[in-house]
Amino acid sequence: MAVGLDYAENRHSNRGGVDYREQERSRNAEFTDHGVFTEVEQELSERSWVTLGLRVDRARVESLTGTDAAPGFYADAELGETSRSTLWSGFARYEYALEPQPLSLFAGVGRAERAGDHWERRFVFDLEPETLTQLDTGASWHGDRLSANLSLFYGWYDDYILIDERSGQDKVRNVDAKTYGLEADMRLGLTDSWDLTSTLAWVRSNNDTDSLPLAQTPPLEATLGLDYARNAYFGGVLLRGVARQDRIAEDQGTIYSLDIGETPGFATVSAYGGRELFGNTTLTLGVDNLFDRTYAEHIQRGTTEMLATDRVNEPGRTLWANLTTRF
């Protein structure tokens, strides 16, 4: 068990001279959701097993405003208009261990349905639910010195919920899309004290309806790290590299962020070190963005009220300390 203390204060309630904490709240819609799920794992043999899961949700949303509402808040819905959806999600995964080698293989298929949320329905109340069907396959190796994982995926969206600032007043619509990519990670024990780590993530997504790249797709990313641990001391350094993202769909995206242009690639270095002080208490010191690089992430989390219109840079060199006690 870990014990920690976090403190946060809202310093952004007063924007543009308006204190939103003092504004009268309005009831625009009522959302309700009921769901049930089950999961089961069955061993087929000493080396193989299958996992199955199923979930069903009943989603309901009722407009509490009429067509005379302020533009942008369910303006296309009648007072009391109700949208109902039955959402089915599930997966099946098969795994096989190639003993005595420390190698296992897996393959799976999954399907997930999602209804539009409050912000996505602002301009189009009766959105179709978004459905993702995805195939996965991969392998894992867990040896004495080397541990590695590789997974490949291919998925297709039916009625993906896209924010499109170019489409006029509606701004939200359903499109069909495809996505595929891979993820990999590795840890290699160089000695009893030193480990080499690495990760790789690549994804490519297309908006088939508009014959465009699917907006807000992350670029190629890789990391390379070196970790040390001996007796009470530990530390490490991490190099993170992100490629340029030039496959964009300008002014399209999600409720959190839009594609506003191509994003340059970048590389950053972070380092940390610490030791066990006493009992189960450890002190860790670190620095992020060691060389104070100026860079921005392609996917930037914002708000529906203030979608990014310009790139926001990440913090520069950052020093941090962490004191942790476990009991």
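In this predicted model, Leu127 makes contact with Glu120, Arg121, Ile161, Val172, Arg173 and Asn174, leaving aside residues up to four places away in sequence.

Turning to the rings, a search of the whole structure picks up seven aromatic pairs. One of them brings together Tyr154 and Tyr180, with ring centres 6.2 Å apart; the planes meet at 20 degrees, under the 30 degrees cut-off, so this pair counts as stacked. The two tyrosines come from distant parts of the chain, 26 residues apart: Tyr154 sits in strand β9 (residues 146-164) and Tyr180 in strand β10 (residues 172-189). Tyr154 is partly exposed, at 33% relative accessible area, and Tyr180 is partly exposed as well, at 27%.

Phe234 and Tyr272 make up a tilted pair, with 6.4 Å from centre to centre and 40 degrees between the planes. Here too distant parts of the chain are linked, since Phe234 belongs to strand β14 (residues 233-242) and Tyr272 to strand β16 (residues 266-278), 38 residues apart. Phe234 is partly exposed at 23% relative accessibility, and Tyr272 is partly exposed at 32%.

Ring pairs also tie Tyr154, Trp156, Tyr180 and Trp202 into a cluster. As for charges over rings, the charged end of Arg93 sits over the ring of Phe106, 4.0 Å from its centre, while Arg121 lies over the face of Phe125, 6.0 Å from the ring centre. Arg121 is also one of the residues that Leu127 touches.

Technical notes:
Residues numbered from 1 in each chain as written. Predicted model: local features only at pLDDT ≥ 70, side-chain atom pairs only at ≥ 80, totals over all residues. Heavy atoms only, no water. Contact = heavy atoms within 4.5 Å. Phe/Tyr/Trp six-rings, centres within 6.5 Å; stacked < 30°, edge-to-face > 60°. Helix = DSSP H or I, 4+ residues; strand = E, 2+ residues; numbered from the N terminus. Buried < 20%, exposed > 50% of the residue type's maximum accessible area, 1.4 Å probe, protein only. Lys NZ or Arg CZ within 6 Å of the ring centre and 35° of its normal.
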